[in-house]
Amino acid sequence: TEIYTLSLHDALPIWSIALANALEANRVLACCDMSNNGISQYGGLAWSDTLWGNASLAHLNLSDNPLGDEVAVNIAGVMSRNQTLTRLDLASCKISDEGALSILDALESNTSLVRLRLSNNLISEAGGMIMADMVETHGALERLDIKANQVSHSSELRIARQCARKKHAASSREPRALAAQMLVVERKQQVAPTPLRPADRKSTR
């Protein structure tokens, strides 16, 4: 299966907004890198709206853009229903506790996002501690990067441990799920009647 990727940097704001609007109905592009494009609040809202309708985008990189908390909150509203996106990069986006906690809270009803990058933002130690609690019970995050914030090393380690546990649990579930599928197939094969050969058909007449 081919994975289609688009990377665009130093683009005019109007170009990034036009691309976001075009991708809303796109069913082909899987990875999009829009980092370092000077995308501010208005452009960021256009990209969050794109995630409402897009059903193919798995990786989205919006890092190094001054998005702010309003965009992060809007993305959180999208993540509560989006089950396609698996990786989201919002590093260096001027996101504080409000935006970061909104995204983590939205993951309570999201099972697809496994990697979230929020490094080099404006997250406080109090926000980091709350995030550590939320990671334990919310979503399927296997990696959450909050480096270069105002978060202590102990909170970072706690988050890393919780994500590692989820990753281990997910990897251990895969073989069991495959074994269950194989068992279903075997049972169907046992129940299915063996077709009669031509000689058998004659003997039954």
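Predicted model: local features only at pLDDT ≥ 70, side-chain atom pairs only at ≥ 80, totals over all residues.
Two packed helices are described by the angle between their axes and the distance between the axes. For helix 2 and helix 3, the axes cross at roughly 5° and come within 9 Å. Because angles under 35 degrees count as roughly parallel, helix 2 is roughly parallel to helix 3. The residues that make the contact are listed by helix below.

| Helix | Residues in the contact |
|---|---|
| Helix 2 | Gln 41, Gly 44, Leu 45, Ser 48, Asp 49, Leu 51, Trp 52 |
| Helix 3 | Glu 70, Val 71, Asn 74, Ile 75, Gly 77, Val 78 |

Sorted by class, this contact of helix 2 with helix 3 has six nonpolar, five polar and two charged residues.

In soluble globular proteins, nonpolar side chains tend to be buried together. The largest nonpolar core here has 45 residues, of which Trp 47, Leu 90, Leu 118 and Leu 144 touch the most other members. Two or more residues of this core come from each of helix 1 (13-23), strand 2 (29-33), helix 2 (41-53), helix 3 (68-79), helix 4 (97-106), helix 5 (125-137) and helix 6 (153-191). Helix 3 contributes the most, with six residues.

Around Leu 144, with neighbours within four places in sequence left aside, the contacts are Leu 116, Leu 118, Met 131, Val 135, Ile 159 and Cys 163.

Methods: Residues numbered from 1 in each chain as written. Heavy atoms only, no water. Core = buried A, V, L, I, M, F, W, Y, C linked by side-chain atoms within 4.5 Å. Buried < 20%, exposed > 50% of the residue type's maximum accessible area, 1.4 Å probe, protein only. Helix = DSSP H or I, 4+ residues; strand = E, 2+ residues; numbered from the N terminus. Contact = heavy atoms within 4.5 Å. Axes fitted to C-alpha atoms, helices over the stretch in contact; angles between N-to-C directions. Parallel < 35°, antiparallel > 145°, perpendicular 65-115°, else oblique. Nonpolar A, V, L, I, M, F, W, Y, C, P; charged D, E, K, R; others polar.
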